[in-house]
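Open the model in your viewer and keep the sequence panel beside it. This tour tells you what to select next and what you will find there.

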Amino acid sequence: MDDVKAAVIGPPTEIRDYAPVLRWLIVMVLVALAMFTLWQMGLLVTVLQSDHTRISLIIFALFILTSLHALFQSVDISRELIAARKARAVIEAESATGFRLLGDKVLTGAGALLEPGILTSHAANLIRKSDLGPQGRLDQTLLLRNVADKLRHREKLGLFVSEGLLRLALLGTAIGFILMLIPIAGLSSFDADTLRGALAGMTGGMAVALNVTVSGIAAALVLKFEYFQLDEAIGELFSSIAEVSEIHLVPAIEADRHGRA
């Protein structure tokens, strides 16, 4: 039975590489349960009905779309972690044989093919730089910085949207206070009926301010947590690339270049 599960899910190391996706699923399951509870209690309906500005709907829509983007990036990073682990195993086992390019593919001197991915692309760039550059130590600082920039680019959208949701929350607060003050500005008398209408208008404006603020802050916090988890996975991938390239790739490529010289 355990063998069947391993064949379907994958080895334990590969399951660990999918940790970013599993964390995203846990967060979204908790969010879905919270939303369902609020719906059952009638609070979610109240928020949507009382928000005449429809900013809450915009916040929810942006939250869902950006969460799907976080899922896509988490799946992609998990695949890159798997590819990097497989490529690293080959590199550590056969670094003494050297490395060579075959088109866009990277092979060891013994003919073993490295798993395609960011680590293999970085290895290919190191080999090209070694072939085209002058003699001396192979400096990979700029190439590593380029890898880091490409990896960090994956989370820029989420960070931008999470900050934008906070701004929308502030906008909803400001609009709600404006709506709350409009009935006061229009008071022409202080009889009971007039005051009752003004208080109703003030209550509606306050509802808009509070509902939009709570919606925006809650959505922004969840998105920030999702992209924090993504950032952790990106950091793990970059650390693996930097470590294996500095310890195995660069020395092997330099040794191969000196041998040809």
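**Stop 1: helix 3**

Select helix 3 and colour Ala19, Pro20, Val21, Trp24, Val27, Met28 and Val31: these are its buried residues. Buried means under 20% relative accessible area, exposed means over 50%, and partly exposed lies in between, with a 1.4 Å probe and protein chains only. Helices (H or I, at least four residues) and strands (E, at least two) are DSSP runs, numbered from the N terminus. An α-helix has 3.6 residues a turn, so residues three or four places apart point the same way.

Before going on, note what you are looking at. This is a predicted model, where local features need pLDDT of at least 70 and side-chain atom pairs count only at pLDDT 80 or more, while totals for chains, interfaces and linings use all residues. Residues are numbered from 1 along each chain as its sequence is written, and side-chain values use heavy atoms, with hydrogens and water left out.

Now check the length of helix 3. Its 23 residues, at 1.5 Å a residue, should span 33 Å, and the end C-alpha atoms are 33 Å apart, which agrees. The expected span is 1.5 Å times one less than the number of residues.

**Stop 2: the cavity**

Which residues line the largest cavity? Select Pro20, Arg23, Trp24, Ser74, Glu226, Gln229 and Leu230. The volume of this cavity is about 30 Å³. The structure holds one cavity of 30 Å³ or more. Helix 3 (19–41) and helix 9 are the elements that give two or more residues to the lining.

A cavity is a set of points, on a 1 Å grid over the protein atoms alone, where a 1.4 Å probe fits but cannot get out; lining residues have an atom within 4 Å of a point. Grid points are joined across faces, edges and corners, and the volume is the space filled by probe spheres set on the points.

Colour the lining by type: three residues are nonpolar, two polar and two charged. Here Ala, Val, Leu, Ile, Met, Phe, Trp, Tyr, Cys and Pro count as nonpolar, Asp, Glu, Lys and Arg as charged, and the others, Gly among them, as polar.

**Stop 3: salt bridges**

How many salt bridges does a search of the whole structure find? It finds nine. A salt bridge is a side-chain nitrogen of Lys or Arg within 4 Å of a carboxyl oxygen of Asp or Glu.

Select Arg85 and Asp17. Their closest N and O atoms are 2.8 Å apart. Arg85 lies in helix 5 (residues 55–94) and Asp17 in helix 2 (residues 12–17), so the pair ties together parts 68 residues apart in sequence. Arg85 is partly exposed at 27%, whereas Asp17 is buried at 5%.

Next, select Arg88 and Glu243, with closest N and O atoms 2.6 Å apart. Arg88 is in helix 5 and Glu243 in helix 9 (residues 192–260), so this pair ties together parts 155 residues apart in sequence. Glu243 is partly exposed, at 40%.

**Stop 4: the whole chain**

Zoom out. The protein chain has nine helices and two strands. From the N terminus, the elements run α-α-α-α-α-β-β-α-α-α-α. Of its 261 residues, 39% count as buried.

Terms used. 1 Å grid on protein atoms, 1.4 Å probe; cavity = no way out; pocket = protein on both sides within 12 Å on 5 of 7 lines; lining within 4 Å.
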